Each structure stands twice: as structure tokens, then as C-alpha cells.
Amino acid sequence: MRLLLKMLFCALALAGFVQTANAAEAPPPTQGPIYVTTFFEVTPGKTAMARTMLKDYRDAVRKEPGIMSSDILAEVGATSRFATNEVWRDWAAYDAHVKAGPRDQLYTKMLPIQFGPPDARPHLGHFLAPEMGAPTGNSVIILSHLDVTPPAIPKLLEIMKPLSEGSAKEQGMTKYQILRQAPGVGNHLRLYEVWASERAWDAHNLAAHTQQFRNELAPLLGTPYDQRKYTIVN
């Protein structure tokens with residue numbers, strides 16, 4: 001009996017510690033903007049249905065308080081994969097969205113056709129180049145995910161500085177953002193890039209600052225470099 005009571009006490013203490021830790025990690029409600037990428041993968045034969053669902057969701061979200069932008073992206077070469085890209089004014093607005101109807105309705109509608117649950121990743125801005133216009137039909141949209149071990153974070157941030165500064169000055173750059181996943185996952189970063197054309201995108205990949213970054217990044221990576229190309233869904 002004494003052993004059982006001791007185990008129960010330890011379990012309650014651990015639960016209290018976890019709750020305290022989670023509360024400590026809760027972001028300030030006024031912190032923002034919040035950049036949210038959510039990935040969807042559906043049955044290949046249901047892509048038209050998924051597009052309709054996502055468009056209805058996007059149109060509803062654009063009317064929610066605190067939304068700054070909401071777009072749908074379709075992965076090039078993988079027609080059954082989509083992503084939504086949203087920017088929210090602050091954590092309070094994003095938290096209210098998570099509890100609102102359009103998100104729950106979309107997730108419920110997706111259940112019969114999805115390969116897995118939607119994967120939502122909120123971020124804070126680390127580097128944001130001045131935007132040079134909205135995407136067009138010729139634009140190349142790139143999402144890249146970087147995952148390094150925690151001890152490598154200082155080195156990663158160091159080598160990102162010349163990459164971001166050089167990329168922001170390139171011809172054909174429409175949007176260049178380095179986003180850091182939050183809260184509590186500082187070693188996961190996402191690059192969100194929009195280039196005016198394939199030619200501009202190719203030139204960026206061959207630029208000295210990009211080549212130097214990729215060479216220095218390779219030994220830091222915890223998982224393979226994940227880079228995907230998208231087009232915007234109107």
C-alpha cells in the first residue's frame with residue numbers, strides 16, 4: 001500500500017510539473033505576426049474535391065478577425081498534396097481561429113479522403129525581406145524545412161545571415177522569409193520563397209551565398225533537407 005501511494009504521489013507531481021512547464025511555454029497573446037503552414041495529403045482521385053473544400057475554408061478564414069493573409073498552395077509533381085499558408089496578427093487571433101468553426105469543418109470534411117491528419121506548423125518571423133508584389137501564374141513558390149540538432153542552432157543562425165541578405169537583393173525575388181517554428185521548437189525552421197520565374201529560381205540556387213549556405217548546412221542537419229515547389233490555387 002505504501003509503495004502504491006508513493007507511485008501515485010509521483011504521478012501527480014509529474015502531472016503538475018508538465019502542466020507548469022506547458023503554462024510557462026505559452027506564448028504572449030500579443031506576440032506576432034504568426035505564420036502558419038498546414039499540410040494536407042488526400043487520395044489522388046479526390047484532388048478536385050479537396051480543392052473545393054480548401055477554397056471554401058480559405059474564403060471563410062479571410063473573414064475571421066485577425067487574419068492578415070490566407071492562401072492555398074498545390075505541390076508541383078504531387079497533385080494530392082496541398083498546403084495552406086496563413087498569417088495571423090498575433091497568438092490570440094490564431095488561438096481563436098483554432099477554436100472557430102471553419103477549421104473544424106474543414107478537418108471533418110477531409111476525414112474520408114485524407115491519407116493522414118492535417119499537419120499545422122505555427123512560426124514566428126526570423127528574417128522577412130521586403131515583399132516585391134503578389135504571386136502570379138509564373139511565380140515559383142518554395143517551401144523548405146530545416147531541422148538541426150539543438151547544439152547546432154547558433155551555427156545555423158550564423159550561416160543564415162549572409163543567405164538572407166544576399167537573397168533579398170536578388171533580381172526576381174518576390175518574397176523571402178525565414179520562419180522559426182514556435183513555441184518551443186527553435187531548431188525547426190522554414191524558408192518561404194516566391195520567385196518571379198523558374199529562371200530567377202535557378203539563378204538563386206546557383207548564387208554564391210546559396211551554395212555556401214547549402215555546403216555549411218549539410219553537416220548540421222538532423223534530417224534530410226526537405227524542399228518542395230508549389231503553385232498558388234486561385
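## The largest cavity

Which element gives the most to the lining of the largest cavity? α7 does, with three residues. The model is predicted: local features need pLDDT of at least 70 and side-chain atom pairs pLDDT 80 or more, while totals for chains, interfaces and linings use all residues. Residues are numbered from 1 along each chain as its sequence is written, and side-chain values use heavy atoms, without hydrogens or water.

A cavity is a set of points, on a 1 Å grid over the protein atoms alone, where a 1.4 Å probe fits but cannot get out; lining residues have an atom within 4 Å of a point. Grid points join across faces, edges and corners, and volume is the space filled by probe spheres set on them. The structure holds two cavities of 30 Å³ or more.

β7 (188-195), α6 (198-206) and α7 (208-217) each supply at least two lining residues. Helices (H or I, at least four residues) and strands (E, at least two) are DSSP runs, numbered from the N terminus. Among the lining residues are Leu163, Tyr176, Glu193, Arg214 and Gln227.

The lining of the largest cavity divides into five nonpolar, four polar and two charged residues. Ala, Val, Leu, Ile, Met, Phe, Trp, Tyr, Cys and Pro count as nonpolar, Asp, Glu, Lys and Arg as charged, and the others, Gly among them, as polar.

## The second largest cavity

This cavity has a volume of about 30 Å³. β1 (34-41), α3 (91-99) and α4 (101-110) each give two or more residues to its lining. Five lining residues are nonpolar, two polar and two charged.

Notes. 1 Å grid on protein atoms, 1.4 Å probe; cavity = no way out; pocket = protein on both sides within 12 Å on 5 of 7 lines; lining within 4 Å.
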